[in-house]
Amino acid sequence: MTMFHFFNCAILTFGPHAVYYSATPLSECDTLGTSVKAALVYLGTALVKLVCLATFLQVSENDGFDPYQELLKALIGFIDVAGLYFALTQLTHRNISQNHKFQAVGLGWAFADSVLHRLAPLWVGARGLEFTWDYILQGLEANANLVLSISLAALGSLIWLRKNKPKTLIPIIYACAGIVATMPSITSYPRRGLGWHFPKVVGFELFTSLVMAFISWQLFSACQRPYAALLSPMKFRLPSSFVV
């Protein structure tokens with residue numbers, strides 16, 4: 001029974017990554033190498049973040065919300081943005097479109113994050129004799145992180161790779177990218193400042209990830225249109241590359 005619970009939680013945590021890859025054009029375009037490279041960049045970025053967190057953050061005696069500490073965490077979290085910039089612009093990719101590139105990078109980024117932060121707790125805790133919902137909730141949290149990672153990669157591709165963006169959308173794109181990049185600090189406030197329980201925090205993360213994904217889709221759709229059409233009132237539609 002314990003191994004059955006472990007496999008269920010593992011499938012919930014890592015299965016959506018495989019489903020996304022196989023159910024989208026990513027598998028047809030053979031973008032696995034791009035995802036692997038992005039995962040390796042994430043591991044390097046996580047190491048730099050770990051060093052910065054250990055250097056600049058103080059060990060808190062209580063588990064309350066400290067605005068100064070969370071601000072430092074948010075600033076250090078922008079190292080992820082630098083890592084995504086490197087993965088999107090500096091790595092050599094196969095001859096794939098911009099649509100497939102950012103999805104492959106975001107998928108590899110999210111998978112590496114799940115392996116690094118959730119595989120060991122699953123292996124140690126989900127095989128315990130006592131049943132707990134925590135690891136199922138961690139799987140749902142990994143799904144929210146998958147959506148946010150692909151959304152941030154989409155916004156990054158608009159910032160760094162798309163040159164003919166309408167000027168009216170540029171501030172919105174930067175603002176959304178900043179929100180997604182600082183999402184760990186944003187979700188830390190309900191958890192520590194408001195005292196929300198883990199299920200409520202996960203529900204908040206799922207909701208905000210879907211909202212940010214929807215906004216990212218709309219912005220990407222608007223920037224995909226010819227420049228002349230951008231001068232007219234925008235009618236948003238979902239790009240075909242996002243359809244699973």
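User: How does α4 pass α9, in a left-handed or a right-handed crossing?
Analyst: In this predicted model, α4 passes α9 in a right-handed crossing, where right-handed means that the near helix is turned clockwise from the far one by less than a right angle. Helices here are DSSP runs of H or I with at least four residues, and strands are runs of E with at least two, numbered from the N terminus.

User: And at what angle do they pack?
Analyst: Helix α4, residues 67-77, and helix α9, residues 183-193, pack at about 155° with their axes 10 Å apart, the axes being lines fitted to C-alpha atoms over the stretch in contact and the angle running from 0 to 180 degrees between N-to-C directions. Because of that angle, α4 is roughly antiparallel to α9, a label used for angles over 145 degrees.

User: Which residues meet there?
Analyst: Glu70, Lys73 and Ala74 of α4 meet Ser185, Ser188 and Arg192 of α9, with contact taken as heavy atoms within 4.5 Å.

User: Which residues of α9 are buried, and what covers them?
Analyst: Met183, Ser185, Thr187, Ser188 and Pro190 are buried in α9, buried meaning under 20% relative accessible area with a 1.4 Å probe and protein chains only. The cover over the buried residues of α9 includes α4, α7, α8 and α10, and Gly195, which follows α9, has a positive phi near 75°.

User: Stepping back, how many helices and strands does the whole protein have?
Analyst: The protein has 11 helices and zero strands, and of its 244 residues 47% are buried.

User: Which residues touch the most others in the largest nonpolar core?
Analyst: Phe102, Leu155, Ile173 and Leu219 touch the most other members of that core, which holds 39 residues; a nonpolar core is a set of buried Ala, Val, Leu, Ile, Met, Phe, Trp, Tyr and Cys residues joined through side-chain atoms within 4.5 Å. At least two residues of this core come from each of several helices, including α1 (2-23), α3 (32-56) and α6 (98-125), while the largest share, nine residues, comes from α7.

User: What does Leu219 touch?
Analyst: Leaving aside residues up to four places away in sequence, Leu219 touches Leu155, Leu158, Leu169, Ile172, Ile173 and Cys176. A second, separate core of six residues includes Phe6, Phe14, Leu122 and Tyr135.

User: New topic: where is His100, and is it buried or exposed?
Analyst: His100 lies in helix α6 and counts as buried because its relative accessibility is 13%. Not counting residues up to four places away in sequence, His100 touches Pro25, Leu26, Cys29 and Thr31.

User: What about Ala46, which helix is that in?
Analyst: Ala46 is found in helix α3 and is buried, with a relative accessible area of 16%. Ala46 and Ile79 are 33 residues apart in sequence, and their C-alpha atoms are 8.5 Å apart in space.

User: How much of residues 71-92 is helix?
Analyst: Residues 71-92 are 82% helix and 0% strand, with their end C-alpha atoms 34 Å apart, whereas residues 168-189 are 86% helix and 0% strand, with end C-alpha atoms 31 Å apart.

User: What should I keep in mind about the numbering and the values?
Analyst: Residues are numbered from 1 along each chain as its sequence is written, and side-chain values use heavy atoms, leaving out hydrogens and water. Since the model is predicted, local features need pLDDT of at least 70 and side-chain atom pairs count only at pLDDT 80 or more, while totals for chains, interfaces and linings use all residues.

Notes:
Buried means under 20% relative accessible area, exposed over 50%, partly exposed in between (1.4 Å probe, protein chains only). Angles under 35 degrees count as roughly parallel, over 145 as roughly antiparallel, 65 to 115 as roughly perpendicular and the rest as oblique.
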